[in-house]
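Please view the sequence and the structure before reading on.

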Amino acid sequence: MLKTFHKIFNATKIPDINPEFFHHLVMNFSKKAEKNNWILEKIRNSCKVKWEEKLKFKIWDLEFPNPVWLAAGFCKEPEWLLFWEAFGFGSITIGWITKQAQKWNSKKRIFRFSDWIVNWMWLPGPWLKKVVEMLEERKKANMMPKIPLWANLCNSLATKKEEKIEEFKEEMLALYPYVNYFEVNVSCPNQAWVCSLQSEVENILEELTKYNEELAKKFNTKRKLLFVKISPLSQKEKNPEDGTIEWLKNLSSIFNKFDWKWLDWIIATNTAKEHSHKEKTKIKTPSWQIITGWASGLQIQEISRKTVKILRENLSKNLVIIWVGWIGYDKKWSEWQSWVKMLEAWATSLQILSSFVQFWTVEVVKDLKKAILK
């Protein structure tokens, strides 16, 4: 049924003309479907693959049914969680989450090209109080997923520089009873103040790792896993917009210091500032500023994979690397070649977002699990 639903709307070309509208259309359908156990069971059965038990694995003491995860940004609010679990994802990330409500920038905010996506979504995620209320309602209604749940933590635009770490702490405190781990977002290029936090990452980690231990004692539970999401390497040698190799090595040194202080893994990478369609994706904001979108998809796959590879060469073996890059289908070989490339870069697992949007199909997760088993 869902496959037919996607096929019909793909034929209308709506996803190409206005991908954000189509995204919300599918989300509204998913919201209703999530409350129907019959539909969830049908999806669950159709998304299973043979020998799926072999995909199970552990990171520290947390069990995952498979290494294909839904990245931050797709499921901005804690809705549709049972729906994505039925699809067969190994974990789900909610957010971006900020303490204060963010102003939503005007549409059109997503551009869909043949094999990659440009967006200028800023951080239109839900604010903290709303997220906690929604999670509490789910908990009472017994609608929390059984798979691990992440929270992507961000800073609000209105937060002063000296208060940014305190905002992260407030988000951790409020979300501690509901999620398994925290993703500290210091690399979203859509808002400059977030990306600039990478230069402050050592101080941020020092404070948050200590606070994580305090919260574990407060709630009388095991500490939540903590990790950092970083930018990709730059594709330019001169005047780079994204990170350099030297920058990445410096980051690795900082991360290694926190290995014994409960920094568990690194997410690489966020979307890239650099791309080849900037002239086509310039937009005037309501304040008449000129904004250009940021890229994810095939164009940044290799640079994202290279980022993972350099990290693996420079990080402690105790630190896990999760790859967020373009997970593409190679028509020539009829295979999901990205999985092989990810293994070559020594990443432990992968998160998907753009490929899920780009292909507009419920088959992506199933196909990836088949490719992994193969």
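## Helix 9 and helix 10

Helix 9 (residues 201-218) and helix 10 have axes that come within 10 Å and cross at roughly 15°. Angles under 35 degrees count as roughly parallel, and helix 9 and helix 10 are therefore roughly parallel to each other. Their crossing is right-handed. The model examined here is a predicted one.

On the side of helix 9, the contact is made by Val-201, Glu-202 and Leu-205, while helix 10 contributes Leu-251, Ile-254, Phe-255 and Lys-257. By class, the residues of this contact divide into five nonpolar, no polar and two charged.

## Helix 10 and helix 11

Helix 10 (residues 245-257) also packs with helix 11 (residues 301-314), at an angle of about 45° and with the axes 9 Å apart. Helix 10 and helix 11 are therefore oblique to each other. Helix 10 passes helix 11 in a right-handed crossing.

Which residues meet where helix 10 and helix 11 are in contact? From helix 10 come Ile-245, Leu-248, Lys-249, Ser-252 and Asn-256, and these meet Lys-306, Thr-307, Ile-310, Leu-311 and Asn-314 in helix 11. The residues of this contact comprise four nonpolar, four polar and two charged.

## Helix 6 and helix 7

Another packed pair is formed by helix 6 (residues 128-140) and helix 7 (residues 164-175), whose axes come within 10 Å and cross at roughly 10°. This angle makes helix 6 roughly parallel to helix 7. The crossing of helix 6 and helix 7 is right-handed.

Helix 6 makes the contact through Leu-128, Val-131, Val-132 and Leu-135, and helix 7 through Glu-170, Glu-171, Ala-174 and Leu-175. In this contact of helix 6 with helix 7 there are six nonpolar, no polar and two charged residues.

## The second largest pocket

Rolling a probe the size of a water molecule over the atoms shows where empty space is left. The second largest pocket has a volume of about 590 Å³. It is lined by 24 residues, of which Arg-44, Glu-85, Ala-86, Lys-146 and Ile-147 are the closest to its centre.

Which elements give two or more residues to the lining of the second largest pocket? They are helix 4 (37-46) and helix 5 (81-87). By class, the residues of the lining divide into nine nonpolar, four polar and eleven charged.

Conventions
Residues are numbered from 1 along each chain as its sequence is written. This is a predicted model: local features need pLDDT of at least 70, side-chain atom pairs count only at pLDDT 80 or more; totals for chains, interfaces and linings use all residues. Side-chain values use heavy atoms; hydrogens and water are left out. Axes are lines fitted to C-alpha atoms, for helices over the stretch in contact, and angles run from 0 to 180 degrees between N-to-C directions. Helices (H or I, at least four residues) and strands (E, at least two) are DSSP runs, numbered from the N terminus. Angles under 35 degrees count as roughly parallel, over 145 as roughly antiparallel, 65 to 115 as roughly perpendicular and the rest as oblique. A crossing is left-handed if the near helix is turned anticlockwise from the far one by less than a right angle, and right-handed if clockwise. Contact means heavy atoms within 4.5 Å. Ala, Val, Leu, Ile, Met, Phe, Trp, Tyr, Cys and Pro count as nonpolar, Asp, Glu, Lys and Arg as charged, and the others, Gly among them, as polar. On a 1 Å grid over the protein atoms alone, a cavity is a set of points where a 1.4 Å probe fits but cannot get out, and a pocket is an open set with protein on both sides within 12 Å along at least five of seven lines; lining residues have an atom within 4 Å of a point. Grid points are joined across faces, edges and corners, and a volume is the space filled by probe spheres set on the points.
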